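This report describes one protein chain, from its overall fold to selected residues. The sequence and the model are shown first.

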Amino acid sequence: MKDELRPVVTPFDGRDNVVYTLATWASAAVFITAFWVVQTTAFGVSEGGEQLAVFIAIAMIAATFVLVCLGAPVSYLVGRRMRRVPGMLAHVATFWVLGAVASVGVLWLIFVALSPARSPFFEPVILLGAAVCGICTAIGRLVAFGSRRGHNKRRQSRPRTVARPPSGDI
């Protein structure tokens, strides 16, 4: 009876956070790769620029990995705080907002660093990039939910070994 009154608990432990972090990074790597493929095929690259384009894409993927790992403690705390929030949609939406908001500042700094004038400015493409980063974090959370569901199914399907009480027959 007591269990029926308890709210639904959605676990978000260290294992889930690792799955989330890696899935977020992998989805970001796919988006970065797709962007650079479209960019280089649509606009072309100068002679010898193929290596530079590949280097920039790999550098962006590596930098994304570092940034996602730096954000992992925040995602862990948010996920732990939301354990009792029922429904996957609220979790995915929260993580989308978290990823989008966290990336706006980073993207703005990148644009300022790459600007020839090195002056602060705001480009609408930053919002597009932030939305894509939010999508990547939402994908990561969805993958973490799927991983948790599969882990729980495997755990329930395993036969449990019951320890026998010691017998008095020696």
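Is Ser147 buried or exposed? Ser147 counts as buried, because its relative accessible area is 18% and the cut-off for burial is under 20%.

## Basis and overall fold

The model is predicted. The protein chain contains five helices and zero strands, and its pattern along the sequence reads α-α-α-α-α.

Of the 170 residues in the protein chain, 26% are buried. The accessible surface amounts to about 11800 Å², with 70% of that area belonging to carbon and sulfur atoms. Where contacts join residues at least 6 apart in sequence, 75% of them link residues at least 24 apart.

## The largest pocket

The largest pocket has a volume of about 1200 Å³. Its lining comprises 34 residues, and those closest to the centre of the pocket are Thr64, Ser103, Leu107, Gly129 and Cys133. Two or more lining residues come from each of helix 2 (14-43), helix 3 (49-81), helix 4 (88-114) and helix 5 (124-157).

Which helix supplies the largest share of this lining? That share, ten residues, comes from helix 3. Sorted by class, the lining of the largest pocket holds 25 nonpolar residues, nine polar residues and no charged residues.

Ser147 is located in helix 5. When neighbours within four places in sequence are set aside, Ser147 makes contact with Arg15 and Val19.

Thr137 also has its place in helix 5. Its relative accessibility is 9%, so Thr137 is classed as buried, the cut-off being under 20%. Which residues does Thr137 touch, not counting those up to four places away in sequence? They are Tyr20, Thr24, Phe95, Trp96 and Gly99.

Val78 belongs to helix 3. With a relative accessible area of 21%, this residue is partly exposed, because that class lies between the limit for buried, under 20%, and the limit for exposed, over 50%.

Beyond its neighbours within four places in sequence, Val78 is in contact with Thr94, Phe95 and Leu98. Val78 and Phe95 are 17 residues apart along the chain, and their C-alpha atoms are separated by 8.4 Å. Phe95 is also among the residues that Thr137 touches.

## Cysteines

How many disulfides does the model contain? The count comes to zero. Cys136 is in no disulfide: the nearest cysteine sulfur, that of Cys133, lies 6.1 Å away, whereas a disulfide requires a pair of cysteine sulfur atoms within 2.5 Å. Cys133 is also one of the residues closest to the centre of the largest pocket.

Definitions and conventions:
Residues numbered from 1 in each chain as written. Predicted model: local features only at pLDDT ≥ 70, side-chain atom pairs only at ≥ 80, totals over all residues. Heavy atoms only, no water. 1 Å grid on protein atoms, 1.4 Å probe; cavity = no way out; pocket = protein on both sides within 12 Å on 5 of 7 lines; lining within 4 Å. Points joined across faces, edges and corners; volume = space filled by probe spheres on them. Helix = DSSP H or I, 4+ residues; strand = E, 2+ residues; numbered from the N terminus. Nonpolar A, V, L, I, M, F, W, Y, C, P; charged D, E, K, R; others polar. Buried < 20%, exposed > 50% of the residue type's maximum accessible area, 1.4 Å probe, protein only. Contact = heavy atoms within 4.5 Å. Areas by Shrake-Rupley, 256 points an atom, 1.4 Å probe, with all protein chains shown as cover.
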